[in-house]
Amino acid sequence: MVVGEFFSVFVLCCILLFNIGAEGSHKVYPHFQSLKLAETSANVKEVHRTGFHFQPPENWINDPNGPMIYKGLYHLFYQYNPKGAVWGNIVWAHSVSKDLINWEAIEPAIWPSKPFDINGCWSGSVTILPGNRPVILYTGLDPQKRQVQNYAIPKNLSDPYLREWIKPDNNPLVVPGKGMNATAFRDPTTAWWVDGHWKMLVGTKRKHRGMAVLYRSRDFMKWTKAQHPLHSKEHTGMWECPDFFPVSLHSDNGLDTSVIGENVKHVLKVSLDLTRYDYYTVGTYDKNKDRYIPDNTSVDGWGGLRYDYGNFYASKSFFDDVKNRRILWGWANESDTAAHDVEKGWAGIQLIPRTVWLDSSRKQLVQWPVKELETLRWNNVQLSNQKLTKGNKVEIKGITAGQADVEVTFKIPSLEKAEPFDPSWVNAQELCAQKGSHVQGGVGPFGLLTLASKNLEEYTPVFFRVFKSKDKHVVLMCSDARSSSLKQGLYKPSFAGFVDVDLADGKLSLRSLIDHSVVESFGAGGKTCISSRVYPILAVMKDAHLFAFNNGSESVTIEKLNAWNMVKPKQMNN
Ligand SMILES: *[C@@H]1O[C@H](CO)[C@@H](O)[C@H](O)[C@H]1NC(C)=O
Ligand SMILES: *[C@@H]1O[C@H](CO)[C@@H](O)[C@H](O)[C@H]1NC(C)=O
Ligand SMILES: *[C@@H]1O[C@H](CO)[C@@H](O)[C@H](O)[C@H]1NC(C)=O
Ligand SMILES: *[C@@H]1O[C@H](CO)[C@@H](O)[C@H](O)[C@H]1NC(C)=O
Ligand SMILES: *[C@H]1O[C@@H](CO)[C@H](O)[C@@H](O)[C@@H]1NC(C)=O
């Protein structure tokens, strides 16, 4: 197809775009689903392509599925359209890795082929059964487009790559029961084993009440629905991709999903289709009543804690029993139009896998990029004891600022000048929109200007601002995309979250992973995380710059800053 033809088709598509509710929450672009542009300029395709994030060579991806470690290899499956850069034709693509960083793509694991998944193979999880036998639970769409829960097993357990999967004919294992909404019943969790039963969750809703329904089985084959959901919450809408796992009270180590007892708390995460963010609570699992009760320190629903206050959805965790850690994968979509995705030929990335554990406050989780990421660091640049007075900025030179890992600790000599906090400011994103990096404050804004053009025509500031409320300080963290690109028509939110941190030592740390079109940031050692997708047109490749800045009247000091170039992984699916 010549480019001219493409554009006339494209105009037509724009007029015809429509959204079928029953297809989950992805807009359906039937005309784009199988469309590949023969001639895509290398520039369009490559300038915003990530270097060290997980991304297949082309096409659409969404939810990470069934992550696990098996015989020394990490496996990641993910929702993938083999035919185009918009959602559709979804299969379970499959990649393996020795280190979570260098990935090798192998053939898809499952695709629609049997009555119980003929209309779709949607998200799910892996459970490792005794005897080291992984089994996939996933949502299939049957001939009536009902969402049913199926299983698949490896054909050859001696193959560490688990290349081939069998979908036995006794599927589906679970169908939507009487009174359940068959088009809102999906994403089975990893099952856990307690008191002689396997238990697993499926996300659903009843009217506007979101819920995680619980199923029990003795043999993993015959499943019975429990009378009550494990948990539900009114007015939250459809719960997608529930994830339920224990965290240790006494250590940062991860735990197998079946661990239960005195020394653990449980975490329930749900992806709220209505807001498209991942929320979690910390709470208690009562195994006898099969109920989960969030702690009174965790807000339940969409005012609650989020894994990431930016672009991060449909996440899934797994227990790595070799390194004793729980690892979390999350998907970030594009912030660009579907038409531009088609032009680029790709859409969606997986964010860097994160180790998660319970914070010592026991009120929230902490997340940090897996240690293996550091093997890509190269060419370290350092700064220390650099004072930044109001309006000052300092450029971090000597690294490729378009693809970098930067860690900085700021020292705040005094909190006296902190601006008063208005208790009505409950929405961090709105507050960040009001008080961006150019709105000078008392303590802050200070932080990094990532993916910045030389004269700041474009930049994505990631920064803190400290307020004083009645009895404590309130710390706001922003990753503000509003000035990220001169290009029109992009989604440029002022993503932000609050950071529950003790400022007694006067220190605040920030780490940002910068990778051409993504800035993934970890505030205060991973207490608050924010990921933004941005598409600068000036601040690209060699023309991207990185600065540290302060725009508060209180001076702050860069106690220590380390930045590294990031080399491309040796293998990245291509
Ligand atoms: C199973 O996998 C192992 C290891 O890759 C291989 O040696 C063996 O030939 C496979 N068996 C079959 C039946 O394919
Ligand atoms: C079932 O869920 C679908 C998808 O969210 C929704 O469009 C439909 O209204 C729901 N049906 C009922 C009876 O609630
Ligand atoms: C929250 O729960 C704890 C026990 O877990 C209790 O000691 C505390 O009083 C509760 N706080 C509120 C505000 O209900
Ligand atoms: C700092 O504030 C000044 C005054 O509003 C503004 O011109 C400048 O752009 C700000 N710096 C950043 C990095 O936003
Ligand atoms: C990612 O894209 C933006 C812009 O189109 C939407 O606003 C988000 O809802 C969407 N996020 C997800 C998880 O689909």
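**Cavities and salt bridges**

Author: In this predicted model, the second largest cavity has a lining of 15 residues, and those nearest its centre are Val270, Tyr279, Thr281, Asp300 and Gly301. Strands E14 (231-233), E16 (264-272) and E17 (277-286) are the elements that give two or more residues to this lining.

Reader: What volume does the second largest cavity have?

Author: The volume is about 110 Å³. The search of the whole structure finds 5 cavities of 30 Å³ or more.

Reader: And how do the residues of its lining divide into nonpolar, polar and charged?

Author: The lining of the second largest cavity holds 8 nonpolar, 5 polar and 2 charged residues.

Reader: Turning to salt bridges, what is the count?

Author: The count is 36 salt bridges. One of them pairs Lys265 with Asp295 at 3.1 Å, N to O. Lys265 belongs to strand E16, while Asp295 is in the loop between strand E18 (291-294) and strand E19 (305-306), 30 residues apart.

Reader: Are Lys265 and Asp295 buried or exposed?

Author: Both Lys265 and Asp295 are buried.

Reader: Which side chain meets Asp169 in a salt bridge?

Author: Lys114 does, at 3.0 Å, N to O. Asp169 lies between strands E8 (165-166) and E9 (185-186) in a loop, and Lys114 in the loop between strands E4 (103-110) and E5 (121-129), so the pair ties together parts 55 residues apart in sequence. Asp169 is exposed, at 65% relative accessible area, whereas Lys114 is partly exposed, at 23%.

Reader: Which residues form a nonpolar patch on the surface?

Author: Leu486, Ile537 and Leu538 do, with about 240 Å² of accessible area together. Leu538 sits in the loop between strand E36 (528-533) and strand E37 (545-550).

Methods
Residues are numbered from 1 along each chain as its sequence is written. Chains are lettered from A and ligands numbered from 1 in the order in which they are written. This is a predicted model: local features need pLDDT of at least 70, side-chain atom pairs count only at pLDDT 80 or more; totals for chains, interfaces and linings use all residues. Side-chain values use heavy atoms; hydrogens and water are left out. Patches are made of residues with over 30% relative accessible area and no salt bridge: like charges are joined within 9 Å, nonpolar side chains (Val, Leu, Ile, Met, Phe, Trp, Tyr) within 5 Å. Accessible areas come from the Shrake-Rupley method with a 1.4 Å probe; for residues, only the protein chains shown count as cover. A salt bridge is a side-chain nitrogen of Lys or Arg within 4 Å of a carboxyl oxygen of Asp or Glu. Helices (H or I, at least four residues) and strands (E, at least two) are DSSP runs, numbered from the N terminus. On a 1 Å grid over the protein atoms alone, a cavity is a set of points where a 1.4 Å probe fits but cannot get out, and a pocket is an open set with protein on both sides within 12 Å along at least five of seven lines; lining residues have an atom within 4 Å of a point. Grid points are joined across faces, edges and corners, and a volume is the space filled by probe spheres set on the points. Ala, Val, Leu, Ile, Met, Phe, Trp, Tyr, Cys and Pro count as nonpolar, Asp, Glu, Lys and Arg as charged, and the others, Gly among them, as polar. Buried means under 20% relative accessible area, exposed over 50%, partly exposed in between (1.4 Å probe, protein chains only).
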